[in-house]
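Here is a short tour of one protein chain. Start with how its strands pair, then move to its helices and charged pairs.

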Amino acid sequence: MRFWRRRRPLAFKGLVNFRDLGGHPADGGTVRSGVLFRSDSLAYATPGDADRLVRDLGLSTVIDLRGEYEVSQLGRGLLADAEVDYYPAPIADVSGAEDLVGHYVAMLTEKGPVLAATVRHLSCAGTLPAVFHCEAGCDRTGVLAAVVLGLLGVPDDRIAADYAATAAAMPIIHERVAVVVDRLGLPPRPVTRPAWEPEAALMTHMLDLVRDRWGTMEGWADAYGLTSDDLTALRKNLVAPA
């Protein structure tokens, strides 16, 4: 499978997994740059990071995919006091799965209404530029990124490569996970448990399962109440015509 060359990530001091979702080929054009970003938790943003997000990137909306308990215990960081709209979209609590891909499909199934409402929000005037994030910016963020990019007609290999781009940030993310587990009083991760890594094949597998269950990403969208008008508006906001 041929993958695109990973673009240089936007440089921040506190955020280690922030990137622009623009530049991918899409149906009818290219995903716009500078309007939709994905990230690890914005609670890690330094004062300089927060200033750059608001002043330089013109951020309008923060979409938080973390659960309510995570937010209450770990906070929202400096962006909580910025003049930026905050949109909570918790998709954390889903049924257990045998593997990571099964966990992703559980998000699509059990949190489908939340994800669909978030997609609809991205189609609304005034929402962009927006950034969405969870804690690491890998799993929940990766699922929403796949949904949005899939609905824009971005090829599977590009979606999978974007997901895998998180790998560069994993050493720091693993260190943070240990701190968060301790802070929240969660059971420590077993020493024998291998550290999870965002490999492109995992996202490719998830996209295959989406087709098995819903036919297309548009089929998933239809199952959770997104209309053709919603998708048209989303594409108008996020795709620059060829």
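Two strands count as paired when DSSP finds at least two bridges between them. By that rule, β3 (residues 29–31) pairs with β8: 3 bridges join them, and they run antiparallel. The model shown here is predicted.

**The sheet**

Strands of a sheet pair through backbone hydrogen bonds, either parallel or antiparallel. Here 3 strands make an open sheet, in the order β2-β3-β8, with antiparallel pairing. β2 (25–26) and β8 (239–241) are the edge strands. Each has a single partner strand, so one side of each has no neighbour in the sheet.

**A helix with a buried side**

Which residues of helix α4 (residues 112–122) are buried? They are Gly112, Leu115, Ala116, Thr118, Val119 and Leu122. These residues cover an arc of only 160° around the axis, which puts them on the same side of α4. An α-helix has 3.6 residues a turn, so residues three or four places apart point the same way.

**Salt bridges**

Side chains of opposite charge can pair when their charged atoms come close. The whole structure holds 10 salt bridges. Three of them are set out below.

| Pair | N to O distance |
|---|---|
| Aspartate 162 and arginine 19 | 3.0 Å |
| Arginine 55 and aspartate 51 | 3.2 Å |
| Arginine 211 and aspartate 156 | 2.7 Å |

Take aspartate 162 and arginine 19, which meet in a salt bridge. Aspartate 162 lies in helix α6 (residues 156–164) and arginine 19 in strand β1 (residues 19–20), so the pair ties together parts that are 143 residues apart in sequence. Are these two residues buried or exposed? Aspartate 162 is buried, at 1% relative accessible area. Arginine 19 is buried too, at 9%. Arg19 and Asp162 also belong to a salt-bridge network with Arg38.

Next comes the salt bridge between arginine 55 and aspartate 51. Both residues lie in helix α1 (residues 47–56), 4 residues apart, about one turn of the helix. Arginine 55 is exposed, at 59% relative accessibility. Aspartate 51 is partly exposed, at 36%.

Arginine 211 is partly exposed, with a relative accessible area of 39%. Aspartate 156 is partly exposed as well, at 22%.

Terms used
Residues are numbered from 1 along each chain as its sequence is written. This is a predicted model: local features need pLDDT of at least 70, side-chain atom pairs count only at pLDDT 80 or more; totals for chains, interfaces and linings use all residues. Side-chain values use heavy atoms; hydrogens and water are left out. Buried means under 20% relative accessible area, exposed over 50%, partly exposed in between (1.4 Å probe, protein chains only). Helices (H or I, at least four residues) and strands (E, at least two) are DSSP runs, numbered from the N terminus. The arc is that of the directions from the helix axis to the C-beta atoms. A salt bridge is a side-chain nitrogen of Lys or Arg within 4 Å of a carboxyl oxygen of Asp or Glu.
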